[in-house]
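Colleague: Could you take me through how some helices pack here, and what lies on the surface?

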Amino acid sequence: MLDHGIAFRLNPRVRRIVAPNPGVMTGAGTNTYLLGDKEIAVLDPGPAITEHIDAILEAGAGRIKWIVCTHTHPDHSPAWQALHQATGAEVLGALPADDMFQDDTFRPSWKVTHDDVLATDEFTLRAVHTPGHVSNHYCFYLEEERMMFAGDHIMNGSTVVIIPPSGDMKAYIESLQLLLRYDLRLIAPGHGEVMEDSRAVVEWLVNHRLKRESKVIKGLRTTGRAGLDTLVKVVYDDVDESLHEMAKLSMSAHLIKLHQENRALQHSEDLTWELVQI
């Protein structure tokens with residue numbers, strides 16, 4: 001149930017409110033999660049839309065004690081400020097990353113690091129540093145429900161766009177593999193419905209990215225030294241051309257990963273790429 005403004009109960013510890021910001025990149029809208037009942041943590045407060053903020057405050061009923069942000073993209077964190085002003089809740093998250101798509105207002109009182117734990121009488125929430133989509137991205141693991149709140153690390157219905165320089169494909173794949181170390185039952189994404197069979201979801205995503213990487217390598221073997229405009233037509237020949245501009249961003253991230261691994265190089269004079277000959 002992804003209706004906007006309704007506090008929909010997912011399990012005894014978690015409710016979800018979908019923000020009214022649907023779109024190509026956000027699906028039905030950003031998922032805001034409310035954890036606990038006696039003392040509530042709001043996870044990913046979402047965009048600063050008045051009706052969404054009002055819905056969160058109504059569902060919180062004066063019991064909001066924490067505001068937790070997976071990352072600081074404008075569809076995930078900006079409502080933190082109004083909620084904090086209305087409730088005095090403690091704000092948890094990482095400072096904005098150094099890229100062009102950030103909520104620069106975000107100021108956490110608790111600057112989380114990997115494995116930090118928010119423990120209450122009702123739930124235990126563990127921070128899992130998952131850079132890749134953006135460098136300051138954290139997932140949060142609800143231990144009692146074996147439920148990973150994935151922000152934009154994993155989305156239901158589409159794959160995540162990795163935008164360099166803050167987006168890092170090598171870090172993204174490694175962060176996906178990190179999730180396999182947790183006893184997962186459910187993945188609660190920032191967009192879309194909760195996903196079951198979590199291990200299979202994560203393994204599919206890792207394999208999907210590695211298959212696309214193989215296609216980048218094969219594409220460079222086909223084209224030889226080439227720029228992004230040429231290469232994207234070969235690597236993303238299974239994607240509608242209207243999406244190729246967006247696809248070039250993720251392809252660039254794959255190429256940067258190959259460069260980090262000394263498997264590809266970029267020529268600075270014309271920004272073309274080619275495989276390293278071994």
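Predicted model: local features only at pLDDT ≥ 70, side-chain atom pairs only at ≥ 80, totals over all residues.

Colleague: At what angle do the axes of α3 and α6 cross?

Modeller: α3 spans residues 169-179 and α6 spans residues 244-260. Met169, Lys170 and Ile173 in α3 meet residues of α6, including Ser250, His254 and Lys257. The two axes come within 7 Å. Angles of 65 to 115 degrees count as roughly perpendicular, so α3 is roughly perpendicular to α6, with a crossing angle of roughly 90°.

Colleague: How many residues of α3 are buried?

Modeller: Buried means under 20% relative accessible area. Among the α3 residues that are buried are Met169, Tyr172, Ile173 and Leu176. The cover over the buried residues of α3 includes β9, β11, α4 and α6. Of the eleven residues in α3, the number buried is eight.

Colleague: How are α5 and α6 oriented to each other, roughly parallel or roughly perpendicular?

Modeller: Residues of α5, among them Leu228, Leu231 and Val235, meet α6 residues including Ala247, Met251 and Leu255. The axes of α5 (residues 228-235) and α6 come within 10 Å and cross at roughly 95°. That angle makes α5 and α6 roughly perpendicular.

Colleague: Which residues form the nonpolar patch on the surface?

Modeller: Val24 sits in the loop between β2 and β3. Exposed means over 50% relative accessible area, so Val24, at 81%, is exposed. The patch has about 320 Å² of accessible area together, and its members are Val24, Met25 and Met246.

Methods:
Residues numbered from 1 in each chain as written. Heavy atoms only, no water. Patch = residues over 30% accessible without salt bridge, like charges linked within 9 Å, V, L, I, M, F, W, Y side chains within 5 Å. Areas by Shrake-Rupley, 256 points an atom, 1.4 Å probe, with all protein chains shown as cover. Salt bridge = Lys/Arg side-chain N within 4 Å of Asp/Glu carboxyl O. Helix = DSSP H or I, 4+ residues; strand = E, 2+ residues; numbered from the N terminus. Buried < 20%, exposed > 50% of the residue type's maximum accessible area, 1.4 Å probe, protein only. Axes fitted to C-alpha atoms, helices over the stretch in contact; angles between N-to-C directions. Parallel < 35°, antiparallel > 145°, perpendicular 65-115°, else oblique. Contact = heavy atoms within 4.5 Å.
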